[in-house]
Amino acid sequence: MENLQGTCLCGAVSIVITPKNHDIHACHCEMCRKWTAGPFLSIEASSHVTFSGEKYITEFPSSKWAKRGFCNKCGSTLFYHSVESNEYFMSSELFHLEDFRLVSEIYIDAKPAYYDFKNETKKWTEEEFLKKPITYLYALSCFVLIFLKKLLFYLYFWGKWTMIDLDLSKKGVAIVIDFYWYPKCSTCRKALAFIEENKVVVNKIDLIENPPSADELKALWEKSGLPIRRFFNTSGIKYRELGLKDKLEDMSQDEAFELLASDGKLIKRPLTTDGKKVTLGFKEEEFRAAWK
Ligand SMILES: [Zn+2]
Ligand SMILES: [Zn+2]
């Protein structure tokens with residue numbers, strides 16, 4: 001299709017469009033008639049519309065889904081813009097048209113009795129127009145598009161967050177780890193000194209005053225992939241006093257976690273976790289691998 005160039009009455013706004021076809025549509029609805037002082041005669045523009053004199057264009061949002069543009073200097077009706085689909089129905093009277101014909105009239109039931117078009121046209125009542133299968137298809141495709149847009153949006157940000165998460169240490173951004181310790185324990189102090197040299201924010205938790213609960217221990221154990229025995233401070237006095245070496249075998253998982261949670265001195269220290277990994281005790285190589 002060839003381009004069409006048109007202007008408003010005063011010439012402040014000029015418009016270039018590529019019409020989709022040579023059809024003219026009339027709308028007899030009350031809104032259009034109030035807006036244009038008659039039925040709104042329009043041609044459908046394909047997506048690309050060029051305006052100049054944009055500061056003279058005012059758009060009136062006549063509904064949630066459409067805006068009606070007019071020249072704010074001379075009042076000429078310019079276009080009906082369907083926002084979601086970005087479709088422009090341009091006022092046909094802005095252009096000098098040849099070989100165009102009036103093919104359809106919509107909202108024919110809203111037309112007042114005092115005028116009639118002689119043209120042979122396809123006529124739609126409001127109900128028929130709103131039920132047009134194309135409207136359904138269009139609505140459906142809009143929903144699909146909106147859904148896809150949202151999905152892409154979430155995937156995009158989910159991807160970004162995942163990257164941020166993975167890149168934290170590389171970028172020098174602090175990672176927060178929980179460090180359960182006993183301040184008087186020399187191994188714990190060595191581990192703390194080691195870990196504080198790295199770009200890590202250490203959330204120090206006194207293991208004796210605030211031991212993790214049985215449920216927390218169970219969750220940590222599941223993440224660690226270690227046998228439960230490793231969670232016990234096997235060199236501790238309490239461990240020996242209770243004779244746990246022999247009793248652990250017969251204990252259920254839940255009993256073991258309850259016992260550990262009942263006395264922080266029974267737990268292997270330091271217990272270090274970022275919520276994903278867990279280390280127990282302090283071995284330099286292991287720490288370097290896990291927390292550097
Ligand atoms: Zn104007
Ligand atoms: Zn209308």
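This is a predicted model: local features need pLDDT of at least 70, side-chain atom pairs count only at pLDDT 80 or more; totals for chains, interfaces and linings use all residues.

**Stop 1: the whole chain**

Residues are numbered from 1 along each chain as its sequence is written, while chains are lettered from A and ligands numbered from 1 in the order in which they are written.

Zoom out: along the principal axes, the C-alpha atoms fill a box of roughly 105 × 40 × 30 Å. The chain has a radius of gyration of 37 Å, whereas a compact globule of 292 residues would be near 19 Å (taken over C-alpha atoms; the globule rule is 2.2 Å times the number of residues to the power 0.38).

**Stop 2: two domains**

Colour 4–142 as domain 1 and 175–291 as domain 2; the bounds come from an automatic or database domain assignment. How far apart are the centres of domain 1 and domain 2? Over C-alpha atoms, 73 Å separate them.

**Stop 3: H4 and H9**

Select residues 186–196 (H4) and 284–291 (H9), which pack at about 35 degrees with their axes 11 Å apart. Axes here are lines fitted to C-alpha atoms over the stretch in contact, and angles run from 0 to 180 degrees between N-to-C directions. Show Ala-191, Phe-194 and Ile-195 on H4, and Glu-284, Phe-287 and Trp-291 on H9: these make the contact (C-beta atoms, placed from the backbone, within 7 Å).

**Stop 4: H5 and H8**

Next, pick 214–224 (H5) and 253–262 (H8), with an angle of about 120 degrees and axes 8 Å apart. On H5, Ala-214, Leu-217 and Lys-218 meet Phe-257, Glu-258, Leu-260 and Ala-261 of H8.

**Stop 5: Pro-211**

Finally, click Pro-211, in the loop between strand S12 (200–206) and H5. Is Pro-211 buried or exposed? It counts as buried because it has 21 C-beta neighbours inside 10 Å (20 or more other C-beta atoms within 10 Å means buried, 12 or fewer exposed, in between partly exposed; C-beta atoms are placed from the backbone). Leaving out residues up to four places away in sequence, Pro-211 touches Ala-261, Gly-264 and Ile-267.

Key. Helices (H or I, at least four residues) and strands (E, at least two) are DSSP runs, numbered from the N terminus. Two residues are in contact if their C-beta atoms, placed from the backbone, lie within 7 Å.
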